[in-house]
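Open the model in your viewer and keep the selection tool ready. We will go stop by stop: select, look, move on.

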Amino acid sequence: MPSDTRILIVDDHEDTLYALESALAPLGYRLGRATSGDEALKQVLRGHVGLLLLDVRMPGVSGLEVVRYMRRVEQTQHIPVILLTGFGADHELTTTAFALGVADLVLKPVDPWALRTKVRYLYDAHRRHLALEREVRRLRALTAEHTETAAHPRPGLPHPDARVPTQRPMGAHAGELEKDRT
(Lines give C-alpha, C1' and ligand atoms only; values in the text may rest on other atoms or scores of the structure.)
Protein backbone atom coordinates (compact mmCIF):
# COMPACT_ATOMS: atom_id res chain seq x y z
CA MET A 1 0.00 0.00 0.00
CA PRO A 2 1.46 3.35 -0.91
CA SER A 3 2.85 5.43 1.95
CA ASP A 4 0.26 8.13 1.29
CA THR A 5 -2.61 5.71 2.01
CA ARG A 6 -4.76 6.89 4.88
CA ILE A 7 -7.68 6.05 7.09
CA LEU A 8 -10.71 8.11 6.14
CA ILE A 9 -12.99 9.15 9.00
CA VAL A 10 -16.48 10.23 7.92
CA ASP A 11 -19.02 11.90 10.19
CA ASP A 12 -21.25 14.94 9.87
CA HIS A 13 -20.41 16.15 13.40
CA GLU A 14 -17.12 18.00 13.85
CA ASP A 15 -16.79 16.95 17.52
CA THR A 16 -17.09 13.26 16.56
CA LEU A 17 -14.44 13.67 13.86
CA TYR A 18 -12.11 15.26 16.39
CA ALA A 19 -12.76 12.50 18.97
CA LEU A 20 -12.10 9.74 16.42
CA GLU A 21 -8.92 11.43 15.17
CA SER A 22 -7.72 11.75 18.77
CA ALA A 23 -8.48 8.09 19.45
CA LEU A 24 -6.55 6.93 16.35
CA ALA A 25 -3.62 9.36 16.54
CA PRO A 26 -1.47 7.03 18.73
CA LEU A 27 -1.41 4.48 15.89
CA GLY A 28 0.63 6.84 13.74
CA TYR A 29 -1.37 6.24 10.55
CA ARG A 30 -2.23 9.05 8.16
CA LEU A 31 -5.80 10.20 8.76
CA GLY A 32 -8.23 11.95 6.46
CA ARG A 33 -11.69 13.32 7.14
CA ALA A 34 -14.95 13.90 5.35
CA THR A 35 -18.20 15.42 6.62
CA SER A 36 -20.62 13.82 4.15
CA GLY A 37 -21.20 10.65 2.19
CA ASP A 38 -20.64 12.50 -1.09
CA GLU A 39 -17.29 13.85 0.06
CA ALA A 40 -16.30 10.39 1.33
CA LEU A 41 -17.09 8.78 -2.03
CA LYS A 42 -15.04 11.37 -3.89
CA GLN A 43 -12.03 10.76 -1.65
CA VAL A 44 -12.35 6.99 -1.83
CA LEU A 45 -12.60 7.07 -5.63
CA ARG A 46 -9.49 9.27 -5.85
CA GLY A 47 -7.64 6.41 -4.16
CA HIS A 48 -5.18 6.17 -1.29
CA VAL A 49 -7.80 5.11 1.29
CA GLY A 50 -6.90 1.94 3.16
CA LEU A 51 -9.74 1.91 5.70
CA LEU A 52 -13.00 3.78 6.13
CA LEU A 53 -14.63 4.70 9.46
CA LEU A 54 -18.09 5.72 8.40
CA ASP A 55 -21.09 7.13 10.24
CA VAL A 56 -24.31 5.32 9.28
CA ARG A 57 -26.73 8.25 9.51
CA MET A 58 -25.70 11.42 7.71
CA PRO A 59 -27.71 13.95 5.75
CA GLY A 60 -27.70 13.29 2.01
CA VAL A 61 -25.85 10.09 1.22
CA SER A 62 -25.93 7.71 4.19
CA GLY A 63 -23.08 5.47 5.28
CA LEU A 64 -24.86 2.39 3.94
CA GLU A 65 -25.30 4.05 0.54
CA VAL A 66 -21.58 4.83 0.46
CA VAL A 67 -20.78 1.16 1.16
CA ARG A 68 -23.27 -0.04 -1.48
CA TYR A 69 -21.58 2.12 -4.08
CA MET A 70 -18.06 1.12 -3.00
CA ARG A 71 -18.87 -2.58 -3.30
CA ARG A 72 -19.97 -2.13 -6.94
CA VAL A 73 -16.68 -0.47 -7.98
CA GLU A 74 -13.70 -2.79 -8.46
CA GLN A 75 -11.07 -0.36 -7.11
CA THR A 76 -12.98 0.18 -3.84
CA GLN A 77 -14.79 -3.09 -3.19
CA HIS A 78 -12.09 -4.52 -0.90
CA ILE A 79 -11.49 -1.46 1.27
CA PRO A 80 -12.44 -2.42 4.83
CA VAL A 81 -15.26 -0.39 6.39
CA ILE A 82 -16.16 0.11 10.04
CA LEU A 83 -19.63 1.57 10.39
CA LEU A 84 -20.31 3.86 13.35
CA THR A 85 -23.75 4.44 14.81
CA GLY A 86 -25.06 6.38 17.77
CA PHE A 87 -28.59 5.00 17.46
CA GLY A 88 -27.98 1.40 18.43
CA ALA A 89 -27.51 -1.60 16.19
CA ASP A 90 -30.96 -2.88 15.26
CA HIS A 91 -31.37 -6.20 13.47
CA GLU A 92 -32.06 -4.62 10.05
CA LEU A 93 -28.99 -2.37 10.19
CA THR A 94 -26.75 -5.20 11.33
CA THR A 95 -28.06 -7.59 8.67
CA THR A 96 -27.70 -5.00 5.88
CA ALA A 97 -24.24 -3.87 7.00
CA PHE A 98 -22.75 -7.34 7.18
CA ALA A 99 -24.45 -8.39 3.92
CA LEU A 100 -22.60 -5.49 2.27
CA GLY A 101 -19.29 -6.79 3.62
CA VAL A 102 -18.79 -4.24 6.39
CA ALA A 103 -15.97 -5.40 8.69
CA ASP A 104 -17.58 -4.18 11.91
CA LEU A 105 -20.42 -2.10 13.34
CA VAL A 106 -19.33 0.05 16.30
CA LEU A 107 -21.62 1.89 18.69
CA LYS A 108 -20.94 5.48 19.75
CA PRO A 109 -19.55 6.62 22.08
CA VAL A 110 -16.54 4.62 20.94
CA ASP A 111 -14.10 2.88 23.26
CA PRO A 112 -10.76 4.29 21.97
CA TRP A 113 -8.72 1.22 22.91
CA ALA A 114 -11.14 -1.20 21.19
CA LEU A 115 -11.32 1.05 18.12
CA ARG A 116 -7.52 1.27 17.84
CA THR A 117 -7.27 -2.53 18.07
CA LYS A 118 -9.86 -3.06 15.33
CA VAL A 119 -8.41 -0.36 13.08
CA ARG A 120 -4.85 -1.64 13.45
CA TYR A 121 -5.91 -5.19 12.59
CA LEU A 122 -8.09 -4.24 9.58
CA TYR A 123 -5.70 -1.63 8.16
CA ASP A 124 -2.67 -3.91 8.44
CA ALA A 125 -4.60 -6.88 7.00
CA HIS A 126 -5.66 -4.73 4.03
CA ARG A 127 -2.05 -3.62 3.48
CA ARG A 128 -0.88 -7.25 3.53
CA HIS A 129 -3.66 -8.20 1.10
CA LEU A 130 -2.59 -5.47 -1.35
CA ALA A 131 1.07 -6.49 -1.02
CA LEU A 132 0.14 -10.09 -1.84
CA GLU A 133 -1.85 -8.93 -4.88
CA ARG A 134 1.18 -6.96 -6.11
CA GLU A 135 3.42 -10.00 -5.61
CA VAL A 136 0.98 -12.25 -7.50
CA ARG A 137 0.94 -9.78 -10.42
CA ARG A 138 4.74 -9.65 -10.39
CA LEU A 139 5.04 -13.45 -10.36
CA ARG A 140 2.48 -13.80 -13.14
CA ALA A 141 4.46 -11.34 -15.26
CA LEU A 142 7.67 -13.30 -14.61
CA THR A 143 5.92 -16.56 -15.46
CA ALA A 144 4.56 -15.10 -18.68
CA GLU A 145 8.02 -13.78 -19.56
CA HIS A 146 9.60 -17.16 -18.79
CA THR A 147 6.96 -19.00 -20.84
CA GLU A 148 7.55 -16.68 -23.76
CA THR A 149 11.32 -17.15 -23.49
CA ALA A 150 10.92 -20.94 -23.38
CA ALA A 151 8.69 -20.85 -26.46
CA HIS A 152 11.35 -18.89 -28.40
CA PRO A 153 14.72 -20.12 -27.13
CA ARG A 154 17.78 -18.07 -27.85
CA PRO A 155 20.71 -19.74 -29.59
CA GLY A 156 23.34 -21.21 -27.33
CA LEU A 157 25.94 -18.83 -26.02
CA PRO A 158 29.59 -19.63 -26.63
CA HIS A 159 31.71 -20.24 -23.57
CA PRO A 160 34.57 -17.77 -23.07
CA ASP A 161 36.99 -20.71 -23.24
CA ALA A 162 36.95 -21.88 -26.89
CA ARG A 163 37.69 -25.48 -25.82
CA VAL A 164 34.26 -25.73 -24.09
CA PRO A 165 31.44 -26.69 -26.49
CA THR A 166 28.53 -24.30 -27.11
CA GLN A 167 25.76 -24.53 -24.54
CA ARG A 168 22.66 -26.36 -25.70
CA PRO A 169 19.57 -24.09 -26.00
CA MET A 170 16.76 -24.66 -23.52
CA GLY A 171 14.37 -27.35 -24.72
CA ALA A 172 16.82 -28.82 -27.24
CA HIS A 173 16.51 -32.58 -27.54
CA ALA A 174 19.27 -35.08 -28.22
CA GLY A 175 17.98 -35.60 -31.77
CA GLU A 176 18.27 -31.90 -32.51
CA LEU A 177 21.84 -31.91 -31.26
CA GLU A 178 22.73 -34.86 -33.49
CA LYS A 179 21.29 -32.97 -36.46
CA ASP A 180 23.49 -29.96 -35.58
CA ARG A 181 26.65 -32.12 -35.64
CA THR A 182 26.12 -33.30 -39.20
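## Stop 1: the sheet

Show the strands first. Five of them form an open sheet: 5 strands in the order S2-S1-S3-S4-S5, with parallel pairing. Now select the edges, strand S2 (31-34) and strand S5 (104-107). Each has a single partner strand, so one side of each is left without a neighbour in the sheet. Neighbouring strands are turned against each other by 20° on average, direction ignored. Keep in mind that this is a predicted model.

How do strands of a sheet pair? They do it through backbone hydrogen bonds, either parallel or antiparallel.

## Stop 2: the whole chain

Zoom out and colour by secondary structure. The protein has 6 helices and 5 strands. Follow the chain along the sequence and you read β-α-β-α-β-α-β-α-β-α-α.

Next, colour by burial. Of the 182 residues in the protein, 35% are buried. The accessible surface comes to about 11,500 Å², and carbon and sulfur atoms account for 56% of that surface.

Contacts tell another part of the story. Take those between residues at least 6 apart in sequence: 62% of them join residues at least 24 apart.

## Stop 3: strand S3

Select strand S3, residues 49-55. How many of the residues of S3 are buried? The count is 7 of 7, and S3 is mostly covered.

Look at the S1 side. Strand S1 (6-10) pairs with S3 in the parallel sense over 5 bridges. Pick Leu 8 and you will find Leu 52 of S3 opposite.

Now turn to S4. S3 and S4 pair in the parallel sense too, over 4 bridges. Select Leu 53: the bridge partner in S4 is Ile 82. Then trace the chain from S3 through H3 to S4; this β-α-β crossover is right-handed.

## Stop 4: from S4 to S5

Select strand S4, residues 81-85. S4 runs parallel to S5, and 4 bridges join the two. Click Ile 82 again. On this side, Asp 104 in S5 stands opposite Ile 82. Step along to Leu 83, whose bridge partner in S5 is Leu 105. The chain goes from S4 through H4 to S5, and this β-α-β crossover is right-handed.

## Stop 5: the ends of helix H4

Stay with helix H4, residues 91-99. Which residue caps the N-terminal end of H4? Select Asp 90: a side-chain oxygen of Asp 90 lies 3.1 Å from the backbone nitrogen of Glu 92. Now go past the other end. Gly 101 follows H4, and the phi of Gly 101 is positive, near 90°.

## Stop 6: helix H1 on the sheet

Select helix H1, residues 14-24. H1 lies across S1, S2, S3 and S4. Compare directions with S2: H1 runs at about 170° to that strand.

## Stop 7: a serine in a loop

Finish with Ser 62. Find this residue in the loop between S3 and helix H3 (63-72). Is Ser 62 buried or exposed? The relative accessibility of Ser 62 is 17%, so Ser 62 counts as buried; the cut-off for buried is under 20%. Ser 36 and Ser 62 are 26 residues apart along the chain, and their C-alpha atoms are separated by 8.1 Å.

Key. Residues are numbered from 1 along each chain as its sequence is written. This is a predicted model: local features need pLDDT of at least 70, side-chain atom pairs count only at pLDDT 80 or more; totals for chains, interfaces and linings use all residues. Side-chain values use heavy atoms; hydrogens and water are left out. Two strands pair if DSSP finds at least two bridges between them. Axes are lines fitted to C-alpha atoms, for helices over the stretch in contact, and angles run from 0 to 180 degrees between N-to-C directions. Contact means heavy atoms within 4.5 Å. A polar contact is a pair of N or O atoms within 3.5 Å; within protein, one must be able to donate a hydrogen and the other to accept it, and residues adjacent in sequence count only if both atoms are side-chain atoms. Buried means under 20% relative accessible area, exposed over 50%, partly exposed in between (1.4 Å probe, protein chains only). Accessible areas come from the Shrake-Rupley method with a 1.4 Å probe; for residues, only the protein chains shown count as cover. A crossover is right-handed if, with the strands pointing away from the viewer, the path from the first strand over the helix to the second runs clockwise.
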